Amino acid sequence: MPAVTAKEIAAKLNLSPSAVSLALNGKPGVSEATRALVLETAAQMGYSRPESAAMAGQPKTICFVRYAGAIVQIAEHTSFSSFVLQGVEARATELGYSTQVRYLNAGDLYNPQSLDFFRDAGGVIFLGTDITKNQLPELERFFASLGGTPVVVVDSSLLSGRVDCVTNDCYGGAKAAVDFLLSTGHRRLGYVRARQRIRNFEERERGVYAALVGAGFSLSAVIDVDISSEGAFQDFDAWIKGKSTLPDGLFADNDVIAAAVIRVLKKHGYHVPNDVSVIGFDDVPICEMLDPPLTTVHSFKEELGIVAVEHLDRRIRRGEVPHQLASVGLLHTTVSTSLVKRFSVKAR
C-alpha cells in the first residue's frame, strides 16, 4: 500500500500543502487548532513522516530536559536525575539515538532557540521531579508549542492526562517501608516530611498513612523540614530540642532528609538504630556511606530512563504525538520499588 503523503492530507482537509507541512514538522505559521487537526488526521490516515536527506544515516536526537521549578528544586539536592540520565543515554544509544541535555528553569521554557531545538529533536524526555500544580499552565503551553515532537515525562504523574509518563511506585514503596517498621516492633512512628510538596511526596505520604491505618496505628509525630541537606538538618535540629521522648522509628521522604536526621540524632547523643530507627527513600549512593548505612526504598532510577526512551521510540516510529492527538491513548508506566535493609533499623 503506497505511503500517505502530506499532499493527500491537505486535500482531505482542504488546506494548503504548505500549511500541512508546517503542522507536521512542528513549525510556526499555523494555529494550534489547525496543527492538532492535521496531526490527528495524519495519524488516522497512517501518515509516516519521511526523514530529510540531511538526517539520512545520522542518529536522531533525544533531548533530556532537567527542569527546575521556581520554588521546589529537589533535583538539585540529589543525584537521582544523573542515574535516570544514565538509563536514557544507554537505551538511546542501543536504539540509534544521540542524547543531548538541556537545563531549564521555570519561566525559561519559551526561549525561541530552545523551542526550535526541541521541535527539531526526535523527541523530548522531561524530568518532572520538581513539577508542582502551579507549573501546569506553563507546561501545558510548552507542550503545545512543541508541535509534532513527542514528549515523555519522567518522575512525575501530574501530567499523566496530557503526555506519556514513567514514574516510581512511591505509594507502594513508602507503605512497604512503614510496614517494615511496624513488623519489626516499632510503635511510635514519626514522619519526617519534606516541606516542599510534589506529587511523589504526596504519594509517599499516602503510603505512610495506608500502612498505619491498615495496622491500626497513628503517627506519633510529623516533622516538616526543608528538602536541602542543611535545611533539613536545621529544621530537624530545631524540632528535637526539648523533646524528652522521640519516636522509635522515623520514615523520611527521601535519603537526603534521612541523612540529615541521622546527623541531628547523633549530635544530640542518640544512637541509630538502638534508640531510633531511620528509613529513607530512593537509595542514592550516600546511603551506603552513612554510619550506620541507611535502610531505604530502592527506586529503579536507570529503569525509569530506559522505559522513557522505549516509549519515546515507539511514538517516533509510529508518528504519534499524544499531547496533540486525542485518538492516541496515553501511557503511564509505574516502575516498582524494593526495600533495601541495611543497618539503620533495629527490631524492638
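This is a predicted model: local features need pLDDT of at least 70, side-chain atom pairs count only at pLDDT 80 or more; totals for chains, interfaces and linings use all residues.

Trainee: Why is the pair of Phe126 and Phe143 called edge-to-face?

Mentor: The ring centres lie 6.0 Å apart, and the limit for a pair is 6.5 Å; the planes are 80 degrees apart, and because an angle over 60 counts as edge-to-face, the label follows.

Trainee: What makes this pair a tie between separate parts of the chain?

Mentor: Phe126 belongs to strand β3 (residues 123–127) and Phe143 to helix α6 (residues 136–145), so the contact joins parts that are 17 residues apart in sequence. Ring pairs also link Phe118, Phe126, Phe142 and Phe143 into a cluster.

Trainee: How do you know whether Phe126 and Phe143 are buried or exposed?

Mentor: Phe126 has 0% relative accessibility and Phe143 has 0% as well; because buried means under 20%, both residues are called buried.

Trainee: What makes Arg204 count as lying over the ring of Phe281?

Mentor: Arg204 lies over the face of Phe281 at 3.8 Å from the ring centre, and the distance limit is 6 Å. Lys301 has its charged end over the ring of Phe83, 5.7 Å from the centre, which is also within 6 Å.

Trainee: Why is the lining of the second largest cavity described as having no charged residues?

Mentor: The lining residues are Val178, Leu181, Leu189, Gly190, Val208, Leu212, Leu219, Gly249, Leu250 and Phe251; because Gly counts as polar and Val, Leu and Phe as nonpolar, the classes come to eight nonpolar, two polar and no charged residues. β8 gives the most to this lining, with three residues.

Note on methods:
Residues are numbered from 1 along each chain as its sequence is written. Side-chain values use heavy atoms; hydrogens and water are left out. Rings of Phe, Tyr and Trp (its six-membered ring) pair if their centres lie within 6.5 Å; planes under 30 degrees apart count as stacked, over 60 as edge-to-face and the rest as tilted. Helices (H or I, at least four residues) and strands (E, at least two) are DSSP runs, numbered from the N terminus. Buried means under 20% relative accessible area, exposed over 50%, partly exposed in between (1.4 Å probe, protein chains only). A charge sits over a ring if NZ of Lys or CZ of Arg is within 6 Å of the ring centre and within 35 degrees of the ring normal. On a 1 Å grid over the protein atoms alone, a cavity is a set of points where a 1.4 Å probe fits but cannot get out, and a pocket is an open set with protein on both sides within 12 Å along at least five of seven lines; lining residues have an atom within 4 Å of a point.
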